[in-house]
Structures are given as structure tokens and as C-alpha cells.
Amino acid sequence: QLSCLVKMVTLRGIPKDLDNYPEDLLLFLSPSDYAGTGGCRQYFANIGQANLDVLQRESSQRKQLLLEALACLKIPGTQVNEENAEILGRLVCDLGGEYIRSSGGSLLKRLSQCESLLPDQEEAIRSVISSGNTTFGPPAAWSASTLNELSGLIPVFGHSILQKIPK
């Protein structure tokens with residue numbers, strides 16, 4: 001339905017008010033389509049708010065969106081800072097384990113909102129949390145508010161991390 005709606009909306013060219021359309025619609029446009037209404041950073045900030053599950057997890061279209069976002073944000077290597085994580089939004093859920101490890105804790109809050117994670121991502125999250133080198137500190141220093149912020153990751157923690165968290 002969304003791809004059909006995109007065809008209807010763009011029949012006479014790309015509308016200048018694309019920001020007024022649902023973010024999910026943008027998933028079926030490219031950053032170059034959006035260029036007339038704003039830069040690629042704004043496009044991916046909007047995409048980051050969209051329901052990415054409209055596209056299949058491992059689909060080529062979803063992978064391409066992530067690659068284009070990383071290029072647009074000029075992310076060197078695999079380290080993503082807080083500002084870029086904010087722009088990526090839900091696209092963070094598609095970053096591989098190497099990005100999670102390199103970025104330390106800057107992705108944890110965003111990752112806790114992901115519907116599902118791949119084994120490689122889960123392993124990377126456990127590694128980052130176990131290191132204690134995050135803004136949250138080591139699990140032994142966590143409070144109830146820390147657990148609330150990371151609640152979506154609790155199933156990923158595993159016994160070794162859970163036993164370190166104070167009662």
C-alpha cells in the first residue's frame with residue numbers, strides 16, 4: 001500500500017512538503033528524491049522515526065537504506081556517536097555487532113527499543129555492558145532507573161550480567 005501511495009504522491013514530481021507525509025512513506029523514496037525538500041540528514045532523521053518493519057529485516061532495500069545513511073552522516077569506520085545515533089533512530093537496530101562494540105554505550109538506549117536483535121548484536125551488547133565502559137558504568141553500579149532505560153535489553157544480558165546488578 002505504501003509503495004502504491006508513493007507512486008500516487010510523486011506522480012507529478014516530488015512534493016516540496018514531504019515532511020508532512022507519514023515517515024513510513026519515505027522508506028519507499030531515496031535520499032535523492034528527498035533532496036529538493038531537505039538534506040539527507042533530515043531525510044534519515046525522518047526515516048529513523050519510521051516503522052522499519054514495513055521492510056523485511058534482511059531485505060536489500062533496508063540494507064541499502066542503512067548504507068546510504070552511514071554515507072550521508074559521514075560515519076568513519078564503525079564508530080557511531082550519540083548525535084548520529086539520534087539521527088539514525090530505528091536504523092540503529094540494523095547495525096552489526098562491530099558497530100555496537102566500536103560505539104561503546106552510545107547505542108545502548110536506542111538498541112533497547114529494537115523489536116528483535118541478531119545473535120551477533122546480542123553478543124556485542126553483552127560485551128559492551130560487561131566492559132563497564134559506558135555512561136551507565138558497570139552493572140554492579142546500576143540503579144533501578146538504569147534498568148528502566150535499558151529494559152528492552154534485559155533479555156539479552158544473560159546470567160553473568162544479571163547477577164552483578166544490585167538487588
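Five residues of helix H9 are buried, namely Gln 121, Ala 124, Ile 125, Val 128 and Ile 129. Buried here means under 20% relative accessible area, while exposed means over 50% and partly exposed lies in between (1.4 Å probe, protein chains only). Seen down the axis of H9, these buried residues fall within an arc of 130 degrees, so they line one face of the helix; the arc is that of the directions from the helix axis to the C-beta atoms. An α-helix has 3.6 residues a turn, so residues three or four places apart point the same way.

A word on the model itself. The model is a predicted one, in which local features need pLDDT of at least 70 and side-chain atom pairs count only at pLDDT 80 or more, whereas totals for chains, interfaces and linings use all residues. Residues are numbered from 1 along each chain as its sequence is written, and side-chain values use heavy atoms, with hydrogens and water left out. Helices (H or I, at least four residues) and strands (E, at least two) are DSSP runs, numbered from the N terminus.

Back to H9. With 13 residues, H9 reaches 18 Å from its first C-alpha to its last, close to the 18 Å expected at 1.5 Å a residue (the expected span is 1.5 Å times one less than the number of residues). The buried residues of H9 pack against H7, H8, H11 and helix H12 (159-162). After H9 comes Gly 132, with a positive phi near 75 degrees.

What does the largest nonpolar core look like in terms of residues? It has 43 residues, and those with the most contacts inside it are Phe 44, Ile 47, Leu 88, Leu 91, Leu 95, Leu 111 and Ile 125. Elements giving two or more residues to this core include helix H4 (40-47), helix H5 (60-72), helix H6 (82-88) and helix H9 (119-131). H5 gives the most, with five residues. Domain 1 (1-74) and domain 2 (77-166) both contribute, so the core lies between them; the domain bounds come from an automatic or database domain assignment. A nonpolar core is a set of buried Ala, Val, Leu, Ile, Met, Phe, Trp, Tyr and Cys residues joined through side-chain atoms within 4.5 Å.

Take Leu 95: neighbours within four places in sequence aside, it is in contact with Leu 66, Leu 70, Val 80, Leu 88, Ile 100, Leu 107 and Gln 121. Contact means heavy atoms within 4.5 Å.

Next, the cysteines. A search of the whole structure turns up two disulfides, a disulfide being a pair of cysteine sulfur atoms within 2.5 Å. In one, the sulfur atoms of Cys 40 and Cys 72 sit 2.0 Å apart, and with 90 degrees about the S-S bond the link is right-handed. Cys 40 lies in helix H4 and Cys 72 in helix H5, so this pair ties together parts 32 residues apart in sequence. Cys 40 counts as partly exposed, at 29% relative accessibility, but Cys 72 counts as buried, at 10%.

Cys 93 and Cys 114 form a disulfide too, their sulfur atoms 2.0 Å apart. The torsion about their S-S bond is about -95 degrees, so this disulfide is left-handed. Cys 93 belongs to the loop between H6 and H7 and Cys 114 to the loop between H8 and H9, 21 residues apart. Both cysteines, Cys 93 and Cys 114, are buried.

Finally, Lys 74 has a positive phi of about 50 degrees although it is not a glycine. Lys 74 sits in the loop between H5 and H6 and is exposed, with a relative accessible area of 68%.
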